[in-house]
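The following exercises concern the structure shown below. Each task is followed by a solution in steps.

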Amino acid sequence: MNDHERIAAIVTAGRRVHAAIDTIDHVISERLGIHRNDLRALNLLEDGPLSPRIISERTGLTSGSVTALIDRLEKAGFVKRQPSTTDRRSIEVTIVPQCYEEIGSLYRQCADALMGVFGEQTGNKLKVSESVLSKFAKAMEQAAAELAD
């Protein structure tokens, strides 16, 4: 296999990764009984509370759609609204801890699968895998930023 064919194989592998992640998100959203955009918002809330405006910016949804999304998630018990800690005129949306655990247990299966594959590697092989995946992620982030412009 020459270098051009290897790069093509990397692109193909990337498409497979994307398709697998898309399938995982589809299955998880169905198991939770929520929409895919609802799951996207829950994934954003993993790192802490966010304002509806930030959720709108990061998902590309309109403010009205985000309000409906938050209403659905709140009614289903996944999130709660709370006063903002930095702006008394605003609210923040936070994920309910029990729901965070439920979602985490589903995604943990993905982490376990990765640990099963990469757990066999050590030292330089592991370092190379981390480097390649980091470069792949950076390339995809750059492509996403360029597409968004």
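**Exercise 1. Determine whether Cys99 is buried or exposed, and whether or not a disulfide includes this residue.**

Solution. Step 1: Cys99 counts as buried because its relative accessibility is 9%, where buried means under 20% relative accessible area, exposed over 50%, and partly exposed in between (1.4 Å probe, protein chains only). The structure is a predicted model, in which local features need pLDDT of at least 70 and side-chain atom pairs count only at pLDDT 80 or more, whereas totals for chains, interfaces and linings use all residues. Residues are numbered from 1 along each chain as its sequence is written, and side-chain values use heavy atoms, with hydrogens and water left out.

Step 2: A disulfide is a covalent bond between the sulfur atoms of two cysteines. The criterion applied here is a pair of cysteine sulfur atoms within 2.5 Å. By this rule there are zero disulfides. Cys99 is in no disulfide, as the nearest cysteine sulfur, that of Cys110, is 18 Å away.

Step 3: Seen from Cys110, the closest cysteine sulfur is that of Cys99, and 18 Å is too far for a bond. Cys110 is partly exposed, at a relative accessible area of 23%.

**Exercise 2. Identify the buried residues of helix α2 and state what covers them.**

Solution. Step 1: Helix α2 spans residues 36–44, and its buried residues are Asp38, Leu39, Ala41 and Leu42. Helices (H or I, at least four residues) and strands (E, at least two) are DSSP runs, numbered from the N terminus.

Step 2: These residues lie on the same side of α2 because they cover an arc of only 160 degrees around the axis, the arc being that of the directions from the helix axis to the C-beta atoms.

Step 3: Their cover includes α1 (3–32), α3 (52–59), α4 (63–75), β1 (79–83), β2 (91–95) and α5 (97–118), where contact means heavy atoms within 4.5 Å.

**Exercise 3. State which helix supplies the largest share of the lining of the largest pocket.**

Solution. Step 1: A pocket is an open set of points on a 1 Å grid over the protein atoms alone, where a 1.4 Å probe fits, with protein on both sides within 12 Å along at least five of seven lines; lining residues have an atom within 4 Å of a point.

Step 2: The lining of the largest pocket comprises 23 residues, and His18, Ile21, Met140, Glu141 and Ala144 are the closest to its centre.

Step 3: The largest share, eight residues, comes from α1.
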